[in-house]
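Could you take me through this model one point at a time? I have not seen it before.

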Amino acid sequence: MNTQPNVFTDVFSEAKLGPVTLRNRIIKAATFEASTPNALVTDDLINYHRLPAAGGVGMTTVAYCAVSPGGRTDGWQIWMRPEAVPGLTKLTETIHAEGAAISAQIGHAGPVANSRTNKAKALAPVRFFNPLSMRFAKKATLDDIRDVTEAHANAARLAIDSGFDAVEVHLGHNYLASSFLSPLINRRTDEFGGSLENRAKVARGVVRAVRDAVDKHGDRKIAVVAKLNMSDGVRGGIPIDESLQTAKWLEEDGGLDAIELTAGSSLVNPMYLFRGGAPVKEFAANFKPPISWGIRMSGNKFFREYPYHEAYLMRDAEKFRAELTMPIILLGGITNRETMDRAMAAGFDFVAMGRALLAEPDLLNRIKAEKDNDPQNRVLSKCTHCNSCMPTIYSHTHCVVTGAPDSLVS
């Protein structure tokens with residue numbers, strides 16, 4: 001909690017994130033890059049992150065570094081293994097040369113995983129049908145949970161070996177840990193189901209395993225962050241009061257250096273996080289019949305449209321800020337200096353940006369160069385919040401408005 005709410009915090013000032021010092025308080029949020037066709041780092045992926053690093057972010061986040069082959073949302077995503085380390089090392093060295101830090105988002109997609117393209121069984125709290133893969137996810141056994149927990153620890157060790165400054169443990173969007181937290185999805189009756197205390201065991205166990213791995217793996221220390229859903233945005237899903245209790249437990253466990261608050265469900269309501277347009281037709285175009293037909297006919301029920309406004313997650317996030325003492329990263333609708341200053345004034349320690357930096361990787365340098373904070377000369381983002389960038393994750397993630405990052409590749 002910010003104990004000095006009346007003291008102005010400059011978002012462009014240096015800040016400590018656990019053992020790491022960032023040059024400013026602005027983090028590029030994890031946004032899937034679609035740049036790893038062989039599940040390994042490519043020059044395209046490196047350039048994808050080099051651009052916002054050169055553009056002024058304090059840290060960029062690589063998404064999505066799955067902890068196992070079956071933990072990927074699709075088979076062309078990176079999964080953390082020794083074979084990936086040389087490429088990841090080249091990536092981290094490139095970002096450090098630009099003066100920025102770099103984080104690896106690690107996690108297991110659980111019921112969101114595409115077992116067809118992964119060629120590996122997906123896991124879920126209960127047997128679960130994924131309509132995109134047309135496959136059932138397996139009900140996770142105790143051994144499965146132990147294996148996934150250890151896989152997170154191993155991914156953290158590989159992140160350290162690869163030169164990352166932080167790992168972001170994915171506890172959101174109804175991926176595996178989040179699906180266990182959800183009373184809508186988790187219908188188990190064993191020690192991992194029923195009460196919130198039981199449903200939170202996977203999330204807490206994974207974070208503890210990552211912290212232990214980081215603390216015991218050599219002299220080089222990195223920060224440990226978690227991305228946690230405040231709400232799924234669906235009836236019967238994770239409510240804010242339960243999420244806040246989970247966050248309090250995670251804080252008490254002492255495994256985190258910061259928490260990034262998110263929302264929405266990749267399974268049932270993805271647009272609850274991505275406010276603005278709902279590009280249903282563009283999504284449908286990425287699939288073959290009959291899936292494409294289904295998306296066109298009923299896509300508006302899945303891709304629900306929510307109006308965009310700046311800092312749209314702040315009101316909910318302030319409930320967490322009031323109850324937690326750990327650093328909090330505010331995500332959602334951060335596109336200009338005024339919104340960043342509002343976040344700092346509200347006691348948030350960092351802000352995370354996604355679509356605005358996809359549209360303009362150099363946006364922060366332009367904002368920082370604003371003269372005398374003159375409202376008449378404010379730098380405004382070119383992001384229109386149309387969300388047409390979202391369907392490009394099936395080919396090569398980019399902004400369809402500005403053409404970035406393709407237009408900026410050097």
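Biologist: Leaving aside neighbours within four places in sequence, which residues is I259 in contact with?

Modeller: Contact means heavy atoms within 4.5 Å. Once the neighbours within four places in sequence are set aside, I259 is in contact with V225, A226, L228, A247, L250, L324, M326, P327, I328 and I329.

Biologist: What pLDDT do local features need?

Modeller: Residues are numbered from 1 along each chain as its sequence is written, and side-chain values use heavy atoms, with hydrogens and water left out. This is a predicted model in which totals for chains, interfaces and linings use all residues, side-chain atom pairs count only at pLDDT 80 or more, and local features need pLDDT of at least 70.

Biologist: A63 is joined to Y64 by a cis peptide bond. What is its omega?

Modeller: Y64 is placed in strand β4 (residues 59–66); strands (E, at least two residues) and helices (H or I, at least four) are DSSP runs, numbered from the N terminus. For the cis bond between A63 and Y64, omega is about 5°.

Biologist: E168 and K227 meet in a salt bridge. How far apart in sequence are the parts that this pair ties together?

Modeller: A salt bridge is a side-chain nitrogen of Lys or Arg within 4 Å of a carboxyl oxygen of Asp or Glu, and for E168 and K227 the N to O distance is 3.9 Å. E168 lies in strand β9 (residues 166–171) and K227 in strand β10 (residues 223–231), so the parts tied together are apart by 59 residues.

Biologist: Is E168 buried or exposed?

Modeller: Its relative accessibility is 3%. Because of that value, E168 counts as buried.

Biologist: What is the relative accessibility of E260?

Modeller: E260 lies in strand β11 (residues 258–263). Not counting residues up to four places away in sequence, it touches E168, V225, A226, K227, L228, I329, L331 and A352. E260 counts as buried because its relative accessibility is 0%.

Biologist: Which helix holds K248, the salt-bridge partner of E323?

Modeller: The side chains of E323 and K248 meet at 3.5 Å, N to O. The pair ties together parts that are 75 residues apart in sequence, because E323 lies in helix α11 (residues 314–323) and K248 in helix α8 (residues 240–253).

Biologist: What span does α8 reach from its first C-alpha to its last?

Modeller: The expected span of a helix is 1.5 Å times one less than its number of residues. α8 has 14 residues, with an expected span of 20 Å, and the span in the model is close to this, at 20 Å.

Biologist: Which residue just after α8 takes a positive phi?

Modeller: The buried residues of α8 include L244, A247, W249 and L250. Just after this helix, a positive phi of about 75° is taken by G254.

Biologist: About how many helical turns separate D143 and R146?

Modeller: Their side chains meet in a salt bridge of 3.7 Å, N to O. D143 and R146 are 3 residues apart in helix α4, so the separation is about one helical turn.

Biologist: How many salt bridges does a search of the whole structure find?

Modeller: The pairs of D143 with R146 and E323 with K248 are two examples. The whole-structure count is 22.

Note on methods
Buried < 20%, exposed > 50% of the residue type's maximum accessible area, 1.4 Å probe, protein only.
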